[in-house]
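Reader: I've got a model to look through, and I'd like to talk it over. Could you put it up?

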Amino acid sequence: MRHARRTARRITRLAAVGGLLCGSLLVTHALASEPGATGTSGASGVSGVSGPSVPVGERLVAQLGTSRTAGSWLGADGRTVVAVTDADAAADVRRAGARSEVVRHSMRDLRSAAATLRAAPRVAGTAWAMDYGSNEVVVRADSTVSAAAWSRLAGVAKAIGASVRMERTPGTFTPRVDGAVPIFASGGRCSAGFDVTDGRDAFLLTAGHCGPVGTTWFARPGDATTLGTTVSGRFPGNDFSLVRYEDGAAPRAQGDVVAIGGGRGVRITGAADPVVGQRVFRSGSTTGLHSGRVTGLNATVNYPEGTVTGLIQTTVCAEPGDSGGPLFADGLALGLTSGGNGNCDAGGTTFFQPVGAAMNALGVRLTGTSGDDGPEAGAPGGGGTGTGVGTGTGADTGAGTGTNMGGATNTGTGTGTGTGTGPIAALSRVVNTRSVGPGLLVIGGSLIALVAARSIRSSRRGRRAWTSGV
């Protein structure tokens, strides 16, 4: 009988130890399998928000220098491609796990070409950006550019050399004045961008060309209740503005959700800079949700109202009224709709003000972020959107009600899709709670079993000692 009890205690102890090992493995796997749990706070340079750590392409370009590289982008297969000017640089890129492409013009050449174009007499209706894939600065002129102006600009391009390519494009490059949720002023209609805060007050971030400082905004045309007033902004040069919500008009909850139509929304949990080739999404009050690819960074557009620089160039369509609306991917805020040409029937080019630069200049951060979240690892991925209060990445399912831009309340359920990395502000994005929960339960049960086995053994020893002493 005593032998059977000893065997039972051994089995109990072995089972408990095995449970501790299994539980530890579950928790360790959960912590290690989530992307973005490494890095140091503030690496993105965006004030008060979390952003990605330097992607491999950008890191290689910085390491190799502007005379040996000419930008990086995501290829059709999702792999990073780095343009290089010599075989040694190509070998370095391949060793880092990226794909290399040897080109003629370096980043220094492309930047010099862009600087020469900026210094030339301004021509409204033109725009240019570096096309890393073709290794050129592509200059586009819309239908308003006269033959004489085109000829003058072509002369500037010819003097620069083969690093510049000229293109005619249909339509007109204009700011999209008149998205996610519409906001109205006496001068027209725009779209709400992202809810932000300076730590004390609530603000709405939108496009600068929508209205100068002092512009009063309403949630509905002819509404007597003020939504807010523009208190800061820049246009031209940049294209962003800050609208201070009136008391009672600020988002009451879920201010980090942007509307995508049909009563649905996407949770925005951080900000980042996009990557050329990345799939992105734009939402606007005129045309709703549309997607496309990033085709250029640091683009310059000569609107009739003035020149704006440092923009994100995309293939996403937009129309008047979409201005100021959010550009995002994988739950990360990327930009604010500035302007472009074409429409959502024929397509076109649309430019966006980078949201990180706007928040840095204004001293604000996204609502719902703590301001000290660590950066994410890796470049943004394929790009998916979530609905309801899903995070917009991985396979999360969301359900609930959120107060979105302009005070509109959206209720939705659905799933987030995509494989890109996301912010680590929420616990579920830091650890895989589906593995952590069971792991902790197994560990807890195993500890209880060990304590119980030891307690039983101690009590039996105590009884034997008491008996022998009588």
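Author: A definition to start with: buried means under 20% relative accessible area, exposed over 50%, and partly exposed in between, with a 1.4 Å probe and protein chains only. Helices (H or I, at least four residues) and strands (E, at least two) are DSSP runs, numbered from the N terminus. This is a predicted model, where local features need pLDDT of at least 70, side-chain atom pairs count only at pLDDT 80 or more, and totals for chains, interfaces and linings use all residues. Residues are numbered from 1 along each chain as its sequence is written, and side-chain values use heavy atoms, with hydrogens and water left out.

Reader: Which residues of helix H6 are buried?

Author: H6 covers residues 355-362. Take the arc as that of the directions from the helix axis to the C-beta atoms. Seen down the axis, the buried residues of H6 fall within 160 degrees, so they line one face of the helix. Their names are Val355, Gly356, Ala358, Met359 and Leu362.

Reader: What residue follows H6?

Author: Look at the backbone there: phi is positive, near 70 degrees. The residue is Gly363.

Reader: How many disulfides does a search of the whole structure find?

Author: A disulfide here is a pair of cysteine sulfur atoms within 2.5 Å. Number the bonded cysteines in sequence order and the pairing reads 1-2, 3-4. The search of the whole structure comes back with two.

Reader: Is the link of Cys190 and Cys210 left-handed or right-handed?

Author: The sulfur atoms of Cys190 and Cys210 sit 1.9 Å apart. This pair links distant parts of the chain, 20 residues apart: Cys190 is in strand S9 (188-191), and Cys210 is in the loop between strands S11 (202-206) and S12 (216-218). The angle about the S-S bond is -95 degrees, and the link is left-handed.

Reader: Is Cys344 buried or partly exposed?

Author: Cys344 forms a disulfide with Cys317, with 2.1 Å between the sulfur atoms. Cys317 lies in the loop between strands S20 (306-314) and S21 (326-329) and Cys344 in the loop between S22 (332-340) and S23 (350-354), so the pair ties together parts 27 residues apart in sequence. Cys317 counts as buried because its relative accessibility is 9%. Cys344, with a relative accessible area of 22%, is partly exposed.

Reader: What percentage of the residues in the protein chain is buried?

Author: The chain has 470 residues, and its secondary structure comes to eight helices and 26 strands. The buried share is 49%.
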